[in-house]
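The following explanation is intended to be read beside the sequence and the coordinates. Please keep both in view while following it.

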Amino acid sequence: MFKNNYIIYFCLLFVLGCDYTPIHLNKGLNYNIKILEINGDNEINNYLVSALKRNSKNFGKEIQIKIKTTSSKKIIAKNTKSLATDYKLNTVVNFELIFEDDIKKITFKESFTYKNLNNTYEQGSYEKTIKQNFARSIVSKLNLRIQNL
């Protein structure tokens, strides 16, 4: 009986002592993003701008951002009929952050290799999803860099 109480107390202590908090919690991010200039791939730029606005607050320190993106799709494999079978999508995003009279330049690179789909609609939709994921990943990395400013 006495051993059962110790086991119950130990289990309760172990379970209640654990606290889960996400690593990338945006609790301390109090900044206002103002986008000054956008150049490059319009599709990725739209995803980046919407993700940055979602993370921006209307109060706090203002960070001015200039964005330049380049995106390329390359054929990396062909079949015997010279039709593309594998593609590689590369995206490079250059940010110029202006924060309290200090200018920081940050570059992020993302790439993804994928197979050719027979349906062109599915292919375009898949590429769109890849670009959205690139934008989310880049904004997440940018938020981590901004926290270190």
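Predicted model: local features only at pLDDT ≥ 70, side-chain atom pairs only at ≥ 80, totals over all residues.

Residues are numbered from 1 along each chain as its sequence is written, and side-chain values use heavy atoms, with hydrogens and water left out.

The protein contains three helices and four strands, arranged along the sequence in the pattern α-β-α-β-β-β-α. Helices (H or I, at least four residues) and strands (E, at least two) are DSSP runs, numbered from the N terminus. Of the 149 residues, 28% are buried; buried means under 20% relative accessible area, exposed over 50%, and partly exposed in between (1.4 Å probe, protein chains only). Among contacts with a separation of 6 or more, 63% join residues 24 or more positions apart, a contact being heavy atoms within 4.5 Å.

The four strands form an open sheet of mixed pairing, in the order β1-β2-β3-β4. Because β1 (31-39) and β4 (102-115) stand at the edges with a single partner strand each, one side of each has no neighbour in the sheet. Neighbouring strands are turned by 25° against each other on average, direction ignored; axes are lines fitted to C-alpha atoms, for helices over the stretch in contact, and angles run from 0 to 180 degrees between N-to-C directions. Strands β1 and β2 (residues 61-78) pair in the parallel sense over eight bridges, where pairing requires that DSSP finds at least two bridges between two strands. Within this pair, I33 stands opposite I63 in β2.

Two helices meet this sheet. Helix α2 (residues 42-55) packs on it, touching β1, β2 and β3 (84-99), and its direction makes about 145° with that of β2. Helix α3 (residues 120-147) lies across β1, β2, β3 and β4, running at about 150° to β4.

Two residues illustrate the contacts between these elements. T91, in strand β3, is buried, with a relative accessible area of 0%. Not counting residues up to four places away in sequence, T91 touches I44, T70, S71, F108, K109, E110 and F134. L142, in helix α3, is likewise buried at 0%.

The charged side chains come next. The structure holds seven salt bridges, each defined as a side-chain nitrogen of Lys or Arg within 4 Å of a carboxyl oxygen of Asp or Glu. One of them joins E100 and K61, with the closest N and O atoms 3.8 Å apart. This pair links the loop between β3 and β4 to strand β2, 39 residues apart. E100 counts as exposed at 56% relative accessibility, whereas K61 is partly exposed at 48%. Another salt bridge joins E127 and K73 (2.5 Å, N to O), linking helix α3 to strand β2. Here E127 is buried at 15%, while K73 is partly exposed at 40%. E110 and K141 also meet in a salt bridge (2.7 Å, N to O), which links strand β4 to helix α3.
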